[in-house]
Amino acid sequence: MTALRRTVLPFAGFAVVIAAWWLTATTGITGKEVPTPGEVFAAAWEGLREPEGLLVDIRLSVLRVLIGVAVGCALSLPVGFALAWFPTLRAMFDPIINFCRALPPIALSPLVIIYVGIGEEARLLVLVWAAFFASVVVLYEGIAAVEDIYVRAGRALGASDLELFRRVIVPATVPQMFVAVRVALGVSWATLVAAELIAAQRGLGWTIQRSASFFRTEEVYAGILLIGFCALLMDMGVRLVQARAVSWQERVVR
Amino acid sequence: MTGDSSARIAFDDVHVGFGRGGKRVEVIDGVSFDVRPGEFVSVLGPSGCGKSTLLNVAAGFLAPDAGEVRFDGERVTRPDSRRGVVFQQYAIFPWLTVEKNIAFGLTLKRNRRSRAETQESVRRYIELMGLEGFEKSPPKQLSGGMRQRVALARAYATDPDVLLLDEPFAALDAQTREFMQELLHEASQAERRAAMLITHSVEEAIYLSHRIVVLGNRPTRVHEVVDVDVPWPRSPESRLQPEFLELRGHLEGVMRSLSGSAFRKAHP
Ligand SMILES: Nc1ncnc2c1ncn2[C@@H]1O[C@H](COP(=O)(O)OP(=O)(O)OP(=O)(O)O)[C@@H](O)[C@H]1O
Ligand SMILES: [Mg+2]
């Protein structure tokens, strides 16, 4: 049953939604123009086969997200540990971090353009910003929540501060690091369109905007689907690594 | 004042309270008793009276508001691997295998051993705790009783002078519990280390101890100290000996009246 649940049901979920979509499109009950799944898949296929087509956009967008997440998480890791370790720092910076996290990245793009210009750095900056603030909160809350009992056990066995950090706090936090990366990935994909609003040369977000301005609805849909698909694949990749790296974690089976 | 300078652990008029101002609650109100070298002492007390708090002070996790705990004559101010601790909630590290958990203390700078010595120690305690065959297992594959055996082995491995045990078997089922009591008794026979065991169970306290300290209701003081005259070493038959049964009857009466008076105080 659990094997079936894991392999078949996710596809069944997609099938249900696509069927509903198809019904909506063919019956026209919304009274609006909705392309059918077939038309959208055809548009996507067309775009993917075209030389210099959607594949270029996918590659660029994936690369941007990867760089954004990598840099964002590389920054949030030390900051997260510092905030978790020093309560004073946390008390001081927690509000401002939550403030920055709540700002929609799209609102920042005009400022980014003014100060950084419209080059690739500008787009990456928006993504790094989003990835950093999303992951740093997950990280320091996770680190601060490392069970006191492990810290006490480590101390009672004779661990120094440094040993406690390296051999108890860090390993105990690894699961949370994966959560942080997944959150950062999700937020970065969500921010991609905003980032590519900044005078982008290509990219999935860029395709969506361009197709929209030419009223090519099925291409808009195709772009959206591809973003979702890439995000899903990346998340699955991280989860695969996570399952191996933290196989020690006890999961509550429901 | 406890004047015995030969004590391994000496509680000397320890006071602990939590909170401040109007919300302040006194928990420990002047507790004094000793644990001598090689002696196994159990601390019995009604629930919530401050037993864990007392152990946390002895371990060095918590500073008392007044009085002090001395370990080999020195004031306890921080945790130290000469005082091994076993917690109720299997505090073994889930990311390490059984043998790495047991070796953990020996790989720290504080009590680093040579590889051979570490291996020897790990092997010895794996055997003493009956964990053969599970050396490479991750804790998530172990039952509660086995996890607690890993925790005991890990505490023993750093060669502490005293073991502090906070209701280590409380979360186990009755049968596993009895088995663990016998295992711990055999281990303390073989090891002859001083131990302070916090427990709710009169039976457990008698089975394992030389002496039992009964704590009163919060704010707690020592209510009574009894020597356990059941012949040593203990075996499952000890539980049926007249001395055992008589002491059990007495202590159960004391515990009943303590929790009864706490109940009446809470529900007048
Ligand atoms: N950090 C803390 N802050 C405030 N109150 C605390 C704290 N730790 C313990 N207490 C209170 O002190 C009292 C004694 O707690 P403690 O855990 O030592 O009792 P215990 O005898 O071990 O209880 P149990 O039998 O349930 O294990 C309790 O009323 C508890 O609420
Ligand atoms: Mg307790």
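**Exercise 1.** How far is an oxygen atom of ligand 1 from an N or O atom in the side chain of Thr53(B)?

*Solution.* The model is predicted, so that local features need pLDDT of at least 70 and side-chain atom pairs count only at pLDDT 80 or more, whereas totals for chains, interfaces and linings use all residues. Residues are numbered from 1 along each chain as its sequence is written, chains are lettered from A and ligands numbered from 1 in the order in which they are written, and side-chain values use heavy atoms, with hydrogens and water left out. For Thr53(B) the distance is 2.5 Å; for the side chain of Glu167(B), an oxygen atom of ligand 1 is 3.3 Å from an N or O atom, and a polar backbone atom of Lys51(B) lies 2.8 Å from a ligand oxygen.

**Exercise 2.** Describe the shell around ligand 1 by element and by residue.

*Solution.* Begin with the elements: helix H1 of chain B (residues 51–59; helices are DSSP runs of H or I, at least four residues) gives the most to this shell, with 3 residues. Then list residues having a heavy atom within 4 Å of the ligand, among them Phe18(B), Val27(B), His200(B) and Arg218(B).

**Exercise 3.** Characterise the contact between chain A and chain B.

*Solution.* Counting heavy atoms within 4.5 Å as contact, one finds 19 residues from chain A and 25 residues from chain B.

Note on methods. A polar contact is a pair of N or O atoms within 3.5 Å; within protein, one must be able to donate a hydrogen and the other to accept it, and residues adjacent in sequence count only if both atoms are side-chain atoms. Helices (H or I, at least four residues) and strands (E, at least two) are DSSP runs, numbered from the N terminus.
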